[in-house]
Amino acid sequence: MQVFLHFGISKNDSALASEVLSLADVRGIDSHGVARLHTYFEMLTLGRINPHPAIKIVRERKSVCTVDGDNGLGLIVGPKANAIAMDKADQFGSGWVSVCNTNHYGIASYYSLKALERDMIGWSMTNSTKLVAPLWGGERMLGTNPISIAFPGLKNLPIVIDLATSAAAYGKIEIAKRKGQPVPRVGSSTKMAR
């Protein structure tokens, strides 16, 4: 929280951003937890993230809207947009919010889990920069495009899915790089079934 406060981010927003990061660590998604703090520090230092965004709705209908994050920290813009979506779902039966002009928003399951707390189905997804080569490709052309869906379980535990659409999450590669460990090639030790 102190890192965000250092950049003049409000106490409430700093606590919110810290909550998103710490949940990643609690859920075992180390690539998106506190270890990512150095990236946010660098981006805020360079002025690539607006520490005081004017987050606003730019288009809206009953159950849908578009939120402009004013290049604010995704860890703050994302939860605020998610709250709008859940409020719309309460009022109209479903709520769908798209967000523009922001950046990395943490783990996708943070948002779907918040919906579970309100006994809703949560669905969160985002795009990313080109990090993945398509099948048999030699050049990065696709994003990892994370997605999370969470379903209440009635009498059973809820079902929570959080994944990237790539063969390996880019965050896992970042962790290996930080630790100086090699990244195994996908499929290098497996044989195709015949």
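1. Basis. Residues are numbered from 1 along each chain as its sequence is written, and side-chain values use heavy atoms, with hydrogens and water left out. In this predicted model, local features need pLDDT of at least 70 and side-chain atom pairs count only at pLDDT 80 or more, while totals for chains, interfaces and linings use all residues.

2. Helix α2. Helices (H or I, at least four residues) and strands (E, at least two) are DSSP runs, numbered from the N terminus. Helix α2 covers residues 11-26, and its end C-alpha atoms lie 22 Å apart, in agreement with the 22 Å that its 16 residues should span at 1.5 Å a residue; that expected span is 1.5 Å times one less than the number of residues. Gly-28, with a positive phi near 80°, follows α2.

3. Packing of α2 with α5. The two helices pack at an angle of about 100°, with their axes 10 Å apart; axes are lines fitted to C-alpha atoms, for helices over the stretch in contact, and angles run from 0 to 180 degrees between N-to-C directions. They are therefore roughly perpendicular to each other (65 to 115 degrees). Leu-16, Glu-19, Val-20 and Leu-23 in α2 meet Tyr-110, Tyr-111, Leu-113 and Lys-114 in α5, where contact means heavy atoms within 4.5 Å.

4. Ile-149. This residue belongs to strand β5 (residues 147-151). Beyond its neighbours within four places in sequence, Ile-149 contacts Ser-112, Gly-122, Trp-123, Ile-159, Val-160 and Ile-161. Ile-149 and Leu-16 are 133 residues apart in sequence and 21 Å apart in space, C-alpha to C-alpha.

Technical notes:
Parallel < 35°, antiparallel > 145°, perpendicular 65-115°, else oblique.
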